[in-house]
Structure formats: structure tokens, C-alpha cells
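User: I would like to understand how the words used for a structure follow from its values. Could we go through some of them together?
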Amino acid sequence: MEIIKEKCRGCTLCAGACPFGAIVMVDGKATVTDACTNCGACESSCHFGAIVVDKAEESARDIKDYHGVWVFAEQRDGNVMSTTFELLGEGRLLADKLGVELCAVLLGYKTEGMASTLGAWGADKVIAVDNELLCNYTTDAYANVITKLVESRMPEIFLIGATTIGRDLAPRLSARLYTGLTADCTKLDIDEETHNLLQTRPAFGGNVMATIVTPNHRPQMATVRPGVMKKAPWNPAKKAVIEYVDIAIAKDDIRTRIVETVRELKQQVNLIEADIIVSGGRGVGSAEGFVLIEKLAEAFGGVVGASRAAVEAGYITADHQVGQTGKTVRPKIYVACGISGAIQHLAGMQNSGCIIAINKDADAPIFKVADYGIVGDLHKVIPILIDEIKMRVK
Amino acid sequence: MKIIVCIKQVPDTTEVKLDPKTGRLIRDGVPSIINPDDKNSLEAALQIKDNDPDTRVIVVSMGPPQADIALREALAMGADEAILISGREFGGSDTWATSYIIASAIKKIPDYDLILCGRQAIDGDTAQVGPQIAEQLGIPQVTYAQKIEVNGDTIIVQRQYEDFYQNIEVKMPCLITAIKELNEPRYMTPGGIADAYSVKNVTVWGFADVPVDPEKIGLKGSPTNVYRTFSPEAKGMGRILDGSDRNTVKELLSELDNKHLL
């Protein structure tokens, strides 16, 4: 490293930033002593551009050297998550637009079976890292391995599911790689002119959509909201090239220890991942009335939600609550039964794919956001609906 | 113990709209609050302090000078010190640059044991800055904490996933992000409010106080840029199917069929 004396103002910030005490002030200017290891820590402390650290290696990398679309193939307990197939579906479209390869990155233990399915979902290639220490997700092991893969193979786009694991891993990676990351995207596209990835996501509670680009850093990283992208058609004839990469993982590098994994005995209400939600409100009338809501949810193959009014009335527990103070959901179908549609409820469900409202009051605000509304008594409509759904299944 | 709590002042959202003419956010008249998840992280720190009065809780926020109010509220809730990272040079920073600035500021605070952040802010919903700060500082992270138990120099975190939870052990120093299930934040006390504006203080750190590379902050140093913002397509009112008989229901189901929703 070098200090440009003309630019140095003698502020001493660099002396404080140096981990080795290698910078001393001589005649009001910073001066480097032999203790310097050329680590570069001082460079960022200087506000006047007076410190230059040799970075030839870094600048040699051009964004044009990055190729291909990568998808993080998230697995849990040896099963590939359905989000992965959605990412492959979307990744396929992006890779085809760019004319590049689509690669799934699979970390786990005994991954062979999982690796062989990924081609059928659209991957051209699978990079698999198989290690007992990758069996369960840990931030450190996964971030270390993926960093090595990205640095050596240089993909231009890297998509990760916006799951509770993806949203732990992706920011860690982007910080380490000094690249852009866009959270929870609902739409992706390629800019025809620049070939940049256009990453669109909701902000401000869904009131605003923003399209984000990462023009000068690679890979362009995005987490993608589960349930939004379409899976590619499953094609068992399509096989991906599977490459196993051996990356050493030191146990000591994993600084968190999973003490236990607890699946609560009570059936967890997974509103966030549900494709279909059937919700009840005050109009359901009683806790017993929710049996009807449960039956409809069962017929649709969905889960039960509720408005705050229903929860406060004691009809159902709070873990079912949808809305500003409950869960924000975006299922493919949302059936609102006996829910008037207070703003606080709408805030949590108005971005659902298709909203069906059943309510006695034709003026209820819920009808303003509903794709289909049935003005009628839910206690009469729902049994017929259940009946008709069952007939269709037969 | 020394705990650093990162908080963000946010507009009390979901009422924020775009001006249809200018395409800009209308923030006027929208009250500012401490981001809800961040309040849970502060409460967690204060609970640790309740059990161990030797604990020092330092709240850190990056934002405009007005964020002073959020920090005063944190002091009134019981935090010991407050630092406001504020400077025009920091404006326009994305999550990478923001975490870089905050991490650089935290490096100036010696011997912290624990950093607590909210999982995500209600204005941006990225959930990125917490883990990015941890990475910039080179310390381990545990996100989505619904329970925290300090045990000597380690912490057991109950970490939430979609349909299960894990108890994760992590050694300090580390960074933990809080979700609202973690606790119920306390209110300010009258005495606390008085202290927040008298004996306690908000220290402001400007650009010159935080050792950062000017090339890596603000709009220029941010890897991501906003390409455009727009209002989500307004959802028009759908069809009302009249009557509660079998025909109505059949019509509904065939519509869903047509849209390949079933």
C-alpha cells in the first residue's frame, strides 16, 4: 500500500483503522511502518483517496466474465423444496432469453436422488456439494461453500427462494461478494438493451412496486417469493449434467450449533405457503361455525385463515389470523367468508391471486377487492360449494 | 454485557401511496415510528438488562436528523446510550452500503457481546441489513429469533422456520434478528421520557466520524439501483354472482376452472 502525501490531511482516521498499528503520524502526515501487512483495512478509512492498496487481482474481473443463471436448489430433510422448481421454471426463461446455461446448486448430504430430479424441472446442469456437514442448513457452512462456487465459476444471475433459509443465506452471501441483492421479488425479466436482470418487488406494504437493477456488480442476486413463479412442465426425459464438487468444510467454521429441531405437535398453520386459504370472519358467528370453514378448506385442499374480528371474538386462535397484525398472504385462491373487509384485513390478503368473497351484505368492502363475489348467507352457500367441489373430484 | 440494538425509523406504512402525477412517494402526514421488529429486538435487550443490571444497551440508528426522535424513544424505554449515524453522504445507500456503514460504525464500539436487529423493516421488507451487518463484522448470525436465552458466553436462540423451529446455540459476539413473536415491547415510562431528554443523550456520528470508503457508500457505492417505481395495478371490482343457490356455485367453480386455478 501507499500513502499519497499530497492528499493526506493528517486526520488520523487510517491510524485508528489499522489493525496492526502500522500507520503513524509524522509531521502531520500518515506514514506506513514495517508492521504493514498490506491488508487494505486502512484504504476504506481514508476520505481523501490518499491511500492506495494494490488490487490488481480484483479489478481484473469484469462483469462480462460472468455467465449463466444459477438457482439455489434448497432442500430440507433430503427433499428438494417446491420453491426450487419454481426458481428453475423462471430461471429457464431467463437463461433462454440470455442464451446461457441454467444451473442448479444443490448442497446437502446423500444428494444423488435429489440431484437427478433437477434436470426434469429445467436445469441444464447441477452442481452438487455432498457433505455430512451440509445435511442441515447452517449459515456458515452454506455461505462458505457457495461463496467458493460463485467465486470460481462466476454466474451472472443467482436466484434463491425467499424462504426463511433463503432470506438468511442470500444477504450473507451478497455482503461477502459485494454484490446487489433484491429481496422477495415477484417478477423477473431481462432488459433487452443492457441484458441486466430487472427485479421487481413490492415495497411499502405492497402499496408500491419497485424494479431494481444491479448494473455493475455480479452475480445479480435475487430472492424470489415462494408461490409466485411458475414451474416449468416436468419432463423426465430431460437430464441435467451432474457435477459433484468437493469442497472442504471445517467443523470449527460453523459457529452455530443446532441443539434440536422441534416440530410442534399441534398442526402448524402454514398460511404463508398455502396455495388456497379459506378465511372466516365475524359473520361465521361462532367457534362451532368455523367447522364449516374447516370443511371448505379441506375440500379445496387449503388451510384455514381468519379475520381479526373472528380471532377477537374467540372463534379461532390467533395463529390463523390474516391481516396487518396477522400474516400477510398471497395464495392462488383466497376465500373470504363472512369477512366485511376492514383495511387491516385487506392489507394482509389483497394481493392474493384470486379472491372469492361470500357475504350477506352486498355493500361490504370485501367485494371491492374480490374477483368473484357471492352475496348470500355463508351457512347456505358453503355446504353447496363443498358438495360441488366433491362432485368434481369424483 | 454490552448489547447493540440497531433500529430504523420508518413511516407507519400501508398508508403510503405514490403520487400518480409525479410517481413519487407521498410521505407527508404519515407518522414516523420505530420499526416494529426493531422494537422487539430492543425489548429483548432490555429484558437481558432487567436480569443483569450491569448490561449496557446501546441503540444505533442510521437516518436523517429526525431519527433522533426514534432514538429518544428507545432511551425512554430504557436504553443507556444512543448513536445516530447521519450524513448526506450516506443518503441513497442500498442494503449493502447501509450495512457497510452501520458495521463500520459498530467497529468503533469496543467489546460488544451481542447485536440485535429486527428481522425486517416495514418500509422495505428486505430482511437483508441484519445478516449483512453480521457478515461485514465477520460474526455469526441467527435470524428469525422467537426466543432468546443467554447462557454464560453463549446464547440459545429459538429460530423460527415455516413449519418448525430449531434451538440454535451460538457463541457471542453474534448478531440476532428478532421477530414479533419474541416478546411484547414495553412502553416508555414518564421518568424514562424525562431521562431521554435530560441525563441521556443522542450522539451523532457524521461522515467524518465513521471510517468508510466513500466509494462504497451512498448511491455510488450501492450495487443495486432503483430502475423505476410504480403503483401496483389497481384491482378492479370483480363479478358479483347473484344468489346463493347451486347454479351460482357451479358458475363460480367453472370460472375457476377456466382460469386453471383448481
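User: What does A:Arg263 touch, not counting residues up to four places away in sequence?

Analyst: A:Arg263 touches A:Asp77, B:Asp163 and B:Phe164, where contact means heavy atoms within 4.5 Å. This is a predicted model, in which local features need pLDDT of at least 70, side-chain atom pairs count only at pLDDT 80 or more, and totals for chains, interfaces and linings use all residues. Side-chain values use heavy atoms, with hydrogens and water left out.

User: Why is A:Arg263 called partly exposed?

Analyst: Buried means under 20% relative accessible area, exposed over 50%, and partly exposed in between, with a 1.4 Å probe and protein chains only. A:Arg263 has a relative accessible area of 43%, and is therefore partly exposed.

User: What makes H11(A) oblique to H7(B)?

Analyst: Helix H11 (378-393) of chain A and helix H7 (246-258) of chain B are DSSP runs of H or I with at least four residues, numbered from the N terminus. H11(A) and H7(B) pack at an angle of about 50 degrees, with their axes 9 Å apart. Angles under 35 degrees count as roughly parallel, over 145 as roughly antiparallel, 65 to 115 as roughly perpendicular and the rest as oblique, so H11(A) is oblique to H7(B).

User: Which residues of H11(A) and H7(B) make the contact?

Analyst: Among them are A:Val381, A:Ile384 and A:Leu385 of H11(A), together with B:Val249, B:Leu252 and B:Leu253 of H7(B). By class, the contact has seven nonpolar, one polar and six charged residues.

Notes: Residues numbered from 1 in each chain as written. Chains lettered and ligands numbered in written order. Helix = DSSP H or I, 4+ residues; strand = E, 2+ residues; numbered from the N terminus. Axes fitted to C-alpha atoms, helices over the stretch in contact; angles between N-to-C directions. Nonpolar A, V, L, I, M, F, W, Y, C, P; charged D, E, K, R; others polar.
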